[in-house]
Amino acid sequence: MAATRSLSHTVAVITINYPPVNALSSPVRHALIKEFGEATKDPSVKAIVLAGANGKFSAGADIREFSTSALKTISLEDMNETIEASRKPVVAAIEGVALGGGLELALACHYRVANVQSRVGLPEVLIGILPAAGGTQRLPRLIGVPAALDVIIRGRHVPATEALQLGIIDEVVQGNAVNAAILLARKVIGSNLDKRRLSTNYVPSNPNMESFLDTAVEKAKKQFRGAQAPIACIEAVRASVQKPYKHGIEKERQLFTSLWATGQPQAQQYAFFSERNVAKWTHPSGGRWDTVTPKPVRTAAVIGLGTMGRGIATSLAKANIPVIALEQDAQQLEIGKKAVNGLLEREAEKLLKQGLAPGTVLAPVHFTLHFAELRDVDLVIEAVYENTELKKEIFRKLKSVCKPDAFLCTNTSGLNIDEIAAVTNHPDLVIGTHFFSPANIMRLLEVVRGQQTSLTTIATAMTLGKTLGKVSVLVGNCPLFVGNRLLGPYVDQANYLLEEGCYPEDVDKVLEDFGITMGPFRMMDLAGLDVGWRARTEKGLTGNKVLHGTPARQRLGNRYSPLPDMLCELGRFGQKTGKGWYLYDKPGGRIAHPDPWVKDVLHKYRNTHHIKQRPASPEVILERCVYALINEGFRVLEDGIASGPEDIDVIYNNGYGWPKYRGGIMYYASTVGLGKVLDVLEKYHKEHPDVPSMKPAFLLKKLVAVGEPPIKEWRTQVGNLVHKL
Ligand SMILES: CCCCCCC[C@H](O)CC(=O)SCCNC(=O)CCNC(=O)[C@H](O)C(C)(C)COP(=O)([O-])OP(=O)([O-])OC[C@H]1O[C@@H](n2cnc3c(N)ncnc32)[C@H](O)[C@@H]1OP(=O)([O-])[O-]
C-alpha cells in the first residue's frame, strides 16, 4: 500500500509508504485520499497525523510523472484542498525531508511538527518548474512575501530550526516527530481551525510590494541568466498578493504550463536524473555499482594543505571522517592549519544555527609533518601541486608507511594515474580523485580509474564522494580526463575567433548570454593563463623547445594560436597579475574591463600575419565554441573515457558553469539536432582541415546515420557502435 492508516487512541496516523523517498505519485495520492476519507468519516477519529515511512516525510511530486498522464489523475492541489478543509485537525509529522509537493502537502495541514534533523523546502525551481500545488500561494500567506521568495527562488533546503524561526514549522523536536505530532494533535482536538487554513488567510502586504517584486524579477534575470523558472516563481507569488487564493492557484497552473513549453524543465529534470544515474557506475570489465561492496573509510589523510588540500580536509571533517593533514614544513603546516580551522569554524557556526552540536557532526583534523603518522589511515588523498615527479615521490613514501590495504588517491586535474600508481606495491588500490576548487563547496568529483584500479577501490572512492556530498562521476584515465579535455578544443576556437577579428569581450558575451557562467577568456583569466602556458611549454609547443623555422601559427602541421603565449611572455597571467585577456583594478581584482592594449595587440597581430579581420556573428561564435565541446564529448564516449552522455553532462553542469536549464552539452546537442551539429562541423572542417578537433567524431556521424536516437538511448548505441569501431 502506498499509504497506510493506524489508530493511536483518537488520532489516526496516515503514513505515506512509497520508497525510496515517498514521492507523491499517482498511487500515493489515491491511497492518501482514500485513507484520509475513511479517517474523516470514522467517528472514533478526532484528529489526523500525516507522516512518511522510513524517516522521510516526502520528497514531493513524483518527477517521473511530469511527462506522463499520471499527473492528471488526482491533482496534488485538489488533494491538499481536501486535507486543508478537514474539520478534524491535521498535523504533519516531518522527518527527513518535506520538499516540493511534500512541503506543499504539509502546508495544507493545520499544524507542522518536525524533527530537528529534518529539512523542508520548495526546490522545484532547481528542476525548472515552480511549486504548483499551492506552494507559491500558501507559503507567502504563512511567512510573508520576502521570506517566501527567498525560500522559493533559491530552492534551498531549510533546516528545521530555521524553518521554526521563519514560522513554517510550529514545533521542532529532538526525537520522534510522529509521537510529538500525535501529542499535538490530541491537544488541538476541538479547537477552531479557521486561522490554520492558510488558503483563507491574506498575504501580509505593504504599499511597496509591487516595486519589491519588480526588483526581485530584475535581480533574478541577472542572477539566473536565461532561466525561466525563477521568474515564474516570482510572478506566481505576485498573484498571491494581488488575487484571492483560487485565482492564485489558477496562475500557478498557467505558469507551470508555459514553463513546460519552454523545454527548460525537461532539460533540468534530465540533469537531475543524470546526477543520480552517474552514481550507478559500470566498469568495462563488467563490474557495477550494485555488485561491488565498498570498504569503509573510518579515517583519512590529506597530503598538502594548499587550496585543494584545505578544501578536501574540510570536506572530510564535515562528513565526520577524522583527518590527518600533512604538510612538508612547519611554516606551510601552520598556514594550512589556520586556514582549515577557519573553514571548520564557519561550518561549526552553521551547525549551531541549525541547533546541532558541531562535535557530533564535524570530525577532528590532526595536523602533522610526519608521514609515519599515516600508518593506520584507511585512505590517503594526496593533494600537492600538479607535478608527476613530486606525486610519485610521495606515493613511494606512502608505499612504505601506509598499511598494505590503504587506498591511495591522487588529486589531479589531468596527470596520468597509471604512472603514479606504478611506483606503489598495490596499483589496484590507487585511484584519481579530481576535486574542484573550492573543494569544500564544489559538488563535482571526477573519480579516475587507472588500468589496474580494482573494483573495490572504485566502489570505495565513489561511495566516499557520496558521503562527502559530492556528485561523483567515474571516468577513464586520459590526459586531462573529461572536463578539462573538453575545454581544449573550446578554448582553441575562442582563440581562433580572436585571430580572425573578434575581441575577448565579444566571445565571452555570446557564451555568457547563452547561459555559461563565465566566457572562456574570463575563465582563463580566473584560472591563470600561466597554467596552460606551463603545460604547452613542457609539451614543446612554445618556448625554447620549438624547432627553429616552425611557423608561428602552426604546430605539427596543425593550426596553433600563439596569442595566449604572447600574453604570458609579458607576465599577463590573468586576475592574479591584474592583467590577462582583460584589465583588472589591481592584482587579484575580480572586475574585468576590456583592455585597449589587447585590442591593439590583436590589430598588430592580424597585420603581421596578414589576417583579414572578419568579426564572427554571435551565432557563429556560439556554434564554433559549443560544437567544439560537443564533438570532443563524442570522442570521449568513443574512447570509453565516459560511459554515457549523462556523465559528460553532469561534469560540465557541475564543474564548468554550463546552464542546467540547457541540460548539459550532450543534451543540448540532442535538442539542436545531431544532423545540424554534424553539418556545421563538416562545413568548418572543410574550411579548416588543419583543426583536427573539429573533424566530426565518428560516433556523431554514426548516430546521425542510425536516425538520431533520443539521448536516453545513446548509452546502448555507444556500446554497440564503439564495439564496432
Ligand atoms: C499543473 C501543475 C501540476 C504539477 C504539480 C507540481 C507539484 C510540486 O510543486 C512539484 C514537485 O514537488 S517537484 C519535486 C520537488 N522535490 C524535489 O525536487 C526533491 C528532489 N529530491 C532530492 O532532492 C533528493 O532526492 C532527496 C534530498 C529527497 C534525497 O536525496 P538522497 O538521499 O541523496 O537520494 P537521491 O539519490 O537523490 O534519490 C534517491 C532516489 O529517489 C529518486 N527521487 C528523489 N526525489 C524524487 C522525486 N521527487 N520524484 C521521483 N523520484 C525521486 C531519485 O531519482 C533516486 O532514484 P534512484 O532510482 O534510486 O536513482
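Residues 300-477 are 40% helix and 21% strand, and the end C-alpha atoms of this span lie 24 Å apart. Helices here are DSSP runs of H or I with at least four residues, strands are DSSP runs of E with at least two, and both are numbered from the N terminus. UniProt lists this span, in an unreviewed entry, as "domain: 3-hydroxyacyl-CoA dehydrogenase NAD binding". UniProt positions are given in the numbering used here, feature names are shortened, and annotations may be inferred rather than shown by experiment.

Two points about the model come next. It is a predicted model: local features need pLDDT of at least 70, side-chain atom pairs count only at pLDDT 80 or more, and totals for chains, interfaces and linings use all residues. Residues are numbered from 1 along each chain as its sequence is written.

Residues 481-584 are 52% helix and 6% strand, with end C-alpha atoms 31 Å apart. Residues 621-709 are 66% helix and 0% strand, and here the end C-alpha atoms lie 27 Å apart.

The domain assignment gives domain 1 (3-262), domain 2 (300-481) and domain 3 (519-606). Such bounds come from an automatic or database domain assignment. How far apart are the C-alpha centres of domain 1 and domain 3? They lie 53 Å apart.

Now look at the sheets. Two strands pair if DSSP finds at least two bridges between them.

β1 and β2 (residues 11-16) run antiparallel and are joined by six bridges. S6 has V13 in β2 as its bridge partner. These two strands form a hairpin with two residues between them. H9 sits in the turn and has a positive phi of about 55°. β3 (residues 47-52) and β4 (residues 90-94) pair in the parallel sense, over three bridges. There V49 has V91 in β4 as its bridge partner.

Is the bond that joins P19 and P20 cis or trans? It is a cis peptide bond, with omega about 5°.

A second open sheet has eight strands. Their order is β12-β11-β10-β13-β14-β15-β16-β17, again with mixed pairing. β12 (365-368) and β17 are the edge strands, and each pairs on one side only. The twist averages 25° from one strand to the next. Within this sheet, β15 and β16 run antiparallel and are joined by four bridges. F435 has L445 in β16 as its bridge partner.

The loop between β15 (430-435) and β16 (444-449) holds P438. The peptide bond from S437 to P438 is cis, with omega near -5°. Another loop lies between β17 (471-476) and α18 (483-500), and L480 is in it. L480 is a residue other than glycine, yet its phi is positive, near 75°.

Next comes a helix pair. Two packed helices are described by the angle between their axes and the distance between the axes. α25 (residues 645-655) and α26 (residues 665-672) pack at about 115°, with axes 7 Å apart. Axes are lines fitted to C-alpha atoms, for helices over the stretch in contact, and angles run from 0 to 180 degrees between N-to-C directions. P645, I648, D649 and Y652 in α25 meet I665, M666 and Y667 in α26. Residues are in contact if their C-beta atoms, placed from the backbone, lie within 7 Å. By class, this contact has six nonpolar, no polar and one charged residues. Ala, Val, Leu, Ile, Met, Phe, Trp, Tyr, Cys and Pro count as nonpolar, Asp, Glu, Lys and Arg as charged, and the others, Gly among them, as polar.

Last, find the ligand. Which residues come nearest to it? Of the 27 residues around the ligand, these are A59, G60, A61, G100 and G101. A residue is near a molecule if its C-beta atom, placed from the backbone, lies within 6 Å of it. The shell divides into 17 nonpolar, four polar and six charged residues. β5 (97-99), α3 (101-108), α10 (245-262) and α11 (264-277) each supply at least two residues of this shell.

Conventions: Two residues are in contact if their C-beta atoms, placed from the backbone, lie within 7 Å.
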